[in-house]
Amino acid sequence: MSRKYCFTIEVRVPDGPKGWQKLVDSEIKQAIEKLKTVVEELGGKVCVRY
């Protein structure tokens, strides 16, 4: 039986939703994509919710 691991990444962003949109559009989105690529190469599955 395989185990499932669930991780939550919590980020505090200044300026509420507007600040989040700016940050996601740049650095965080790139970091999440890199993480997703590595996990999928290891045979895992990634679900990203914004």
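This is a short talk about the predicted model of one protein chain, moving from its overall form to a few single residues.

Before we start, please keep in mind that the model is predicted, that local features need pLDDT of at least 70, that side-chain atom pairs count only at pLDDT 80 or more, and that totals for chains, interfaces and linings use all residues. Residues are numbered from 1 along each chain as its sequence is written, and side-chain values use heavy atoms, with hydrogens and water left out.

Let me begin with the overall form. The protein has one helix and zero strands, where helices (H or I, at least four residues) and strands (E, at least two) are DSSP runs numbered from the N terminus. Its C-alpha atoms fill a box of roughly 45 × 15 × 10 Å along the principal axes. The radius of gyration is 13 Å, whereas a compact globule of 50 residues would have one near 10 Å; this radius is taken over C-alpha atoms, and the globule rule is 2.2 Å times the number of residues to the power 0.38.

Of the 50 residues, 10% count as buried, where buried means under 20% relative accessible area, exposed means over 50%, and partly exposed lies in between (1.4 Å probe, protein chains only).

With those cut-offs in hand, which side of the line does I28 fall on, buried or exposed? I28, whose place is in helix α1, counts as buried because its relative accessibility is 15%. The C-alpha atoms of I28 and V11 are separated by 9.3 Å, although these residues are 17 apart along the chain.

D25 also lies in helix α1, but D25 counts as exposed, because its relative accessibility is 61%. Between the C-alpha atoms of D25 and E10, which are 15 residues apart along the chain, the separation is 16 Å.

Turning to the segments outside the helix, I9 sits in the segment before α1 (16–41), and I9 is exposed, with a relative accessible area of 62%. In the segment after α1 we find K45, which counts as exposed at 80% relative accessibility. Finally, K45 and K4 are 41 residues apart along the chain, and their C-alpha atoms are separated by 9.7 Å.
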